[in-house]
Amino acid sequence: MTSAVAVDLTVQVGAVRLRNPILVASGTFGYGVEFAHLVDLNRLGGIVVKGLSREPMEGAPAPRLCETPAGMLNAVGLQNIGVRAFVAEKLPVLRKYDTAIIANVFGYCVDDYVEVIRILEDAEGVAAYELNISCPNVKRGGMQFGGDSSLVAEVVGAARKAAAKRPLWVKLSPMVADIGLIAKAAEGAGADALTVANTYPSMAIDPWSGKSRLGNQTGGLSGPSIKPITLRLVWETAKAVKSPIIGVGGIETVEDVLEYVAVGATAVQVGTASFTDPTVSQRLVEGLERALFRAKTFTINQIRGKVFADFG
Ligand SMILES: Cc1cc2nc3c(=O)[nH]c(=O)nc-3n(C[C@H](O)[C@H](O)[C@H](O)COP(=O)(O)O)c2cc1C
């Protein structure tokens with residue numbers, strides 16, 4: 001018997017059934033279709049597309065990426081083609097693949113989020129929305145949506161009303177004093193699942209010029225350096241809410257996936273690792289299947305939240 005038939009990798013993120021728990025993270029895999037010649041997209045649990053805004057955005061000035069020890073900084077500035085072009089040009093190609101398409105949505109005021117969802121609601125082929133709430137709210141002096149429970153409740157509540165057809169995932173900011181409180185606010189306002197978490201605001205300086213290595217001065221830290229911090233955030237979130245959690249931060253290996261599952265994640269997303277190896281997500285699916293088979297763990301659901309069983 002091969003491992004392919006013996007191990008059940010399917011997971012249920014609320015109403016969304018995924019063929020396996022490995023998704024690719026927003027902003028690190030384009031709109032999916034660009035990777036179709038490298039990765040068998042049908043093997044992935046899901047594809048979270050680049051963040052979509054109401055209108056196209058040009059993004060931040062170069063340089064936009066910079067390598068750091070065990071990670072990288074990015075200041076892409078949420079460049080994207082806009083939700084209408086996504087629906088017209090990318091989605092018709094993407095929805096031919098047999099994988100869950102998650103539309104990552106962002107905005108700078110509540111109406112922006114609502115409008116992007118309203119446009120997506122009329123389109124076919126989206127399995128769920130993922131709200132990126134690590135954005136400044138221009139109507140509240142630039143305060144980040146994701147850092148304040150009442151702003152989280154407001155934006156999630158409005159998005160919930162707009163998203164009549166589909167599940168709503170909310171991607172939390174890691175820059176919060178108490179992620180449990182924020183997670184509860186999102187769940188209370190109608191989130192069906194929580195993605196934990198986004199990048200960590202950081203800087204990198206060229207020591208000789210004294211200037212930032214990024215055109216935007218600051219950027220978001222991602223990759224293996226953030227994994228221990230984000231693991232702790234997933235664990236805190238799992239203690240606070242009942243909603244399924246999608247863990248994302250520094251995942252490169254099968255062991256990384258198992259660690260996230262142990263602290264309560266139902267699924268995971270792979271981001272920065274795709275920059276060094278664009279096929280890593282597919283390799284993780286195959287590696288996870290083999291590893292579980294060897295460990296005689298025939299369903300991924302058997303090991304979720306194991307850390308709670310051991311330590312309460
Ligand atoms: C270049 C780049 C662009 C990103 N763009 C987005 C985005 O548009 N929306 C979003 O919610 N997250 C975005 N992210 C955050 C990732 O989806 C992910 O949460 C983060 O990088 C942590 O995972 P990782 O350590 O596996 O990269 C971006 C990350 C990178 C590196």
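User: How much space lies in the second largest pocket?

Analyst: About 160 Å³. On a 1 Å grid over the protein atoms alone, a pocket is an open set of points where a 1.4 Å probe fits, with protein on both sides within 12 Å along at least five of seven lines; lining residues have an atom within 4 Å of a point. Grid points are joined across faces, edges and corners, and the volume is the space filled by probe spheres set on them. This is a predicted model: local features need pLDDT of at least 70, side-chain atom pairs count only at pLDDT 80 or more, and totals for chains, interfaces and linings use all residues. Residues are numbered from 1 along each chain as its sequence is written, and side-chain values use heavy atoms, without hydrogens and water.

User: Which residues line the second largest pocket?

Analyst: Among them are Cys66, Glu67, Met72 and Phe275.

User: Where does the ligand sit?

Analyst: A molecule sits in a pocket if more than half of its atoms lie within 2 Å of the pocket's grid points. Here the ligand sits in the largest pocket. That pocket has a volume of about 930 Å³. Of its 46 lining residues, those closest to the centre include Asn74, Leu78 and Gly220.
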